[in-house]
Amino acid sequence: MAQTWSLLISAIVVLSFVPIYSSSASQIPNRGVRRPMIFPLYFASPKSSGHRQAIEGSYWRRHLKSDPYHHPNARMRLYDDLLSNGYYTTRLWIGTPPQEFALIVDTGSTVTYVPCSDCEHCGKHQDPRFQPDESSTYHPVKCNMDCNCDHDGVNCVYERRYAEMSSSSGVLGEDIISFGNQSEVVPQRAVFGCENVETGDLYSQRADGIMGLGRGQLSIVDQLVDKNVINDSFSLCYGGMHVGGGAMVLGGIPPPPDMVFSRSDPYRSPYYNIELKEIHVAGKPLKLSPSTFDRKHGTVLDSGTTYAYLPEEAFVAFRDAIIRKSHNLKQIHGPDPNYNDICFSGAGRDVSQLSKAFPEVDMVFSNGQKLSLTPENYLFQHTKVHGAYCLGIFQNGDSTTLLGGIIVRNTLVTYDRENEKIGFWKTNCSELWKRLHIPGAPAAAPIVPTPKSVSAPAPVVSYNNNTTVGMPPTVAPSGLPQEVLPGEFQVGLITFDMSFSVNYSNMKPNFTELAEFIAHELEINASQVHFLNFFSKGNHSVIRWAIFPAESATYISNSTAMSIILQLKEHRVHLPERFGSYQLVEWKVEPQIKRTWWEQHFWTVVVGVIITLILGLSTFGVWFVWKWRQNAVGTYKPIGARVPEQELQQLTLISSSQA
């Protein structure tokens, strides 16, 4: 009887999730930037036992832990920018020796995958494809009862299709995954996808692949938790506007005292949800029913989505409230004529002062706690008008509330899966470790040889089914020393020398074309790359370049500067063969130059003086003409006019004799 009830409940659970994967994909809005892994169409193998049983199967194992922060964690840096790239990436190293990959961190995906060397249809990404044959610890996952098998019934395969019509498919493999030098977690064996085909945005994006942080047996978090390596928790902290980058922690960390929480029901859906009940604008609640945010999938928090999407009635109320509270600003058209963006000008370029022009927004949870949002959490910068900003919250195509990365800028978000809650803590994510009083931030990692230049020693691993034994940390590059970009250091200029294997002494290289290639590879504007100097040295040519801030900025953000330097240092800038191979000889980062008042306002003063002179001369000219005309009128006498008689002077006659 018990078995019958168990089968009946399983059937009900499976049937209840069928509509999720069949209909949601077409209803998530697409705004031209990639928001991957919102609602995958294929979540679990048909041979698996269902979402609830998968969660319950590991629930009791994970709750046997006595100390919630006893286990180590992996502290990792985030790269890229929400608006420029539409996603954040981190670095993972797979195999022995390790092969590096830049992966999008995505809480809406349950599989981690990278392009495979024999991929039939994969795009050009920032790192070389994974070479299984070059890894001494790689093993394909053989066909079994818990996976989908290939046509030959030999290996396990996976397939994921996404809302924006992109897809990924390939074989499942198992290898050692390393998390960088700042990780307390030693490299572990884990299952990941080795792509054979990718389409849509997955094909065209610069990032190599996806790091799945969702709920599911193939999720990197679930695999580490099931091995009892980390606590059942992870955290993300996205940088703010104009900053980018951020931090990530796999495993538990002590929550700050003033962190606010919302319950996250793992049985509600396979996605991370929160219990949002109200939205306040400038302290006043929007006139909405609490059930507005509880329809369909509820309120979903997804790191792979760029913006936020509200049901129609909630969006209209929110939009109107923002417009009313921003009446002092001028409403303008958005940067893309294809979208009816709501934008405002006149707020100024200083992000720290936006709260003076835009209202504060509060998200109130069912437990009464609230998350306060500053303007950078619901606005994005206009790309064509300086000092203008647009709403980053849009109307959803269905009744689901979807909160993307923009909502949690400069916010530490802790996904406490063990206690079924999600925490939020407003902070400066570029100083997260300092603010949490945690030593050993990823930014302080020493520079070590990359796997491209020096092969790391292969760790000793004992492989028996899915059992992982302890092994020494694998050497993996993890960035720049702290003294390069300390604290609030603002980069004003980056200079670097590139030594090319071609001697240009007898030819005139097209430096403009080369600068455009470099800018394209570094994902910056061509106008930012300037040629400084050139000289020949033996059979090599050395070219000195400088990278300046974009025209609309006064400095280069730390995340952009670090990304540029790492790409140059690790030779990830791919140039046409005719330029030959290159080596980075030297690079230098210079701080933003603080100009004096006179330097900042020189042209304003000059223009003011010129205008004053023009107005002065014009006024003098008008006065002179008027005075001249007045004098001319005063000397004219009409005919017959009386004039005062004048006394005739006596003539003095001179006699001829006197003459």
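Trainee: What pLDDT does the protein chain average?

Mentor: The average is 77, and 73% of the residues score at least 70; pLDDT is the predictor's confidence in each residue, from 0 to 100. Residues 1-66 have a pLDDT below 50, and over residues 441-488 the pLDDT stays under 50. Where pLDDT is low, the predicted coordinates should not be read in detail.

Trainee: How many residues are in the largest nonpolar core?

Mentor: That core has 86 residues, and Phe358 and Leu213 are among those with the most contacts inside it. A nonpolar core is a set of buried Ala, Val, Leu, Ile, Met, Phe, Trp, Tyr and Cys residues joined through side-chain atoms within 4.5 Å. Buried means under 20% relative accessible area, exposed over 50%, and partly exposed in between (1.4 Å probe, protein chains only).

Trainee: Which helix gives the most to this core?

Mentor: Helix α6 (residues 312-325) does, with five residues. Helices (H or I, at least four residues) and strands (E, at least two) are DSSP runs, numbered from the N terminus. A second, separate core of 27 residues includes Phe496 and Phe511.

Trainee: On to the backbone. Where is Pro97?

Mentor: Pro97 sits in the loop between β2 (89-94) and β3 (99-106). A cis peptide bond, with omega about 0°, joins Thr96 to Pro97.

Trainee: And is Asn410 buried or exposed?

Mentor: Asn410 counts as buried, at 15% relative accessibility. Its phi is near 50°, a positive value in a residue other than glycine. Most residues other than glycine have a negative phi, and most peptide bonds are trans.

Trainee: What is the strand order in the open sheet of four strands?

Mentor: The order is β30-β31-β29-β32, with antiparallel pairing; two strands pair if DSSP finds at least two bridges between them. The edge strands, β30 (529-537) and β32 (582-591), each pair on one side only.

Trainee: How many bridges join β29 and β31?

Mentor: Strands β29 (residues 491-500) and β31 (residues 540-547) pair over seven bridges in the antiparallel sense. Ile494 stands opposite Ile547 in β31.

Conventions. Residues numbered from 1 in each chain as written. Predicted model: local features only at pLDDT ≥ 70, side-chain atom pairs only at ≥ 80, totals over all residues. Heavy atoms only, no water. Contact = heavy atoms within 4.5 Å.
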